[in-house]
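Here's a quick briefing to get you oriented. Take a look at the sequence and the model, then read on for the main points.

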Amino acid sequence: MYVVYVLRSLVNKRLYIGQTNNIDRRLLEHNEGHSHYTRLTKPFELVYREEFSTRSDAVNRELELKSGKGREWLKVILAVG
């Protein structure tokens, strides 16, 4: 199982979108500062997730959510300013 996830920084409220096959490990890595792109804005909370049976499907959905329309959709469902 693969998961596309959205994290919200508790520092600046910005969203981070990623995909993984182990959401618990990945969230821990983000919150411990092991990720280059998120280490300065930790800690994070998991605010959204979708599960997929293949990595290919997860990567495609991650790319959709990182697009302009995907980010707008996330703002609506997460009620982000």
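A residue counts as buried when its relative accessible area is under 20%, and as exposed when that value is over 50%, with partly exposed in between. By that cut-off Arg-8, at 17%, is buried. Keep in mind that this is a predicted model. Below, we go through the sheet, the helix on it, the charged pairs and a surface patch.

- Three strands make up an open, antiparallel sheet, and their order is 2-1-3.
- From one strand to the next, the twist averages 20°.
- Strand 1 (residues 2–9) is joined to strand 2 by six bridges, and to strand 3 by eight.
- Strand 1 is largely enclosed by the rest of the structure, because seven of its eight residues are buried.
- The hairpin of strand 1 and strand 2 has five residues between the strands, and Lys-13 there takes a positive phi near 70°.

**A helix on the sheet**
- Leu-7 stands opposite Tyr-16 in strand 2.
- Helix 2 (residues 55–66) packs on the sheet and touches strand 1, strand 2 and strand 3.
- The direction of helix 2 makes about 170° with that of strand 2.

**Charged pairs**
- Side chains of opposite charge can pair when their charged atoms come close.
- The model has eight salt bridges.
- One of them links Glu-45 and Arg-8, at 3.6 Å from N to O.
- Glu-45 belongs to strand 3 and Arg-8 to strand 1, so this pair ties together parts that are 37 residues apart in sequence.
- Glu-45 is partly exposed at 32% relative accessibility, whereas Arg-8 is buried.
- Lys-66 and Glu-62 also meet in a salt bridge, at 2.9 Å, and they're four residues apart in helix 2, about one helical turn.
- Lys-66 is partly exposed at 36%, while Glu-62 is buried at 12%.
- Salt bridges with shared partners join Arg-25, Arg-26 and Glu-29 into one network.
- Within helix 1 (residues 23–31), Arg-25 and Glu-29 lie four residues apart, and their closest N and O atoms are 3.0 Å apart.

**A nonpolar patch**
- Trp-73, Val-76 and Ile-77 make a nonpolar surface patch of about 290 Å².
- Ile-77 is found in helix 3 (residues 68–78) and is partly exposed, at 38% relative accessibility.

Methods:
Residues are numbered from 1 along each chain as its sequence is written. This is a predicted model: local features need pLDDT of at least 70, side-chain atom pairs count only at pLDDT 80 or more; totals for chains, interfaces and linings use all residues. Side-chain values use heavy atoms; hydrogens and water are left out. Two strands pair if DSSP finds at least two bridges between them. Helices (H or I, at least four residues) and strands (E, at least two) are DSSP runs, numbered from the N terminus. Axes are lines fitted to C-alpha atoms, for helices over the stretch in contact, and angles run from 0 to 180 degrees between N-to-C directions. Contact means heavy atoms within 4.5 Å. Buried means under 20% relative accessible area, exposed over 50%, partly exposed in between (1.4 Å probe, protein chains only). Patches are made of residues with over 30% relative accessible area and no salt bridge: like charges are joined within 9 Å, nonpolar side chains (Val, Leu, Ile, Met, Phe, Trp, Tyr) within 5 Å. Accessible areas come from the Shrake-Rupley method with a 1.4 Å probe; for residues, only the protein chains shown count as cover. A salt bridge is a side-chain nitrogen of Lys or Arg within 4 Å of a carboxyl oxygen of Asp or Glu.
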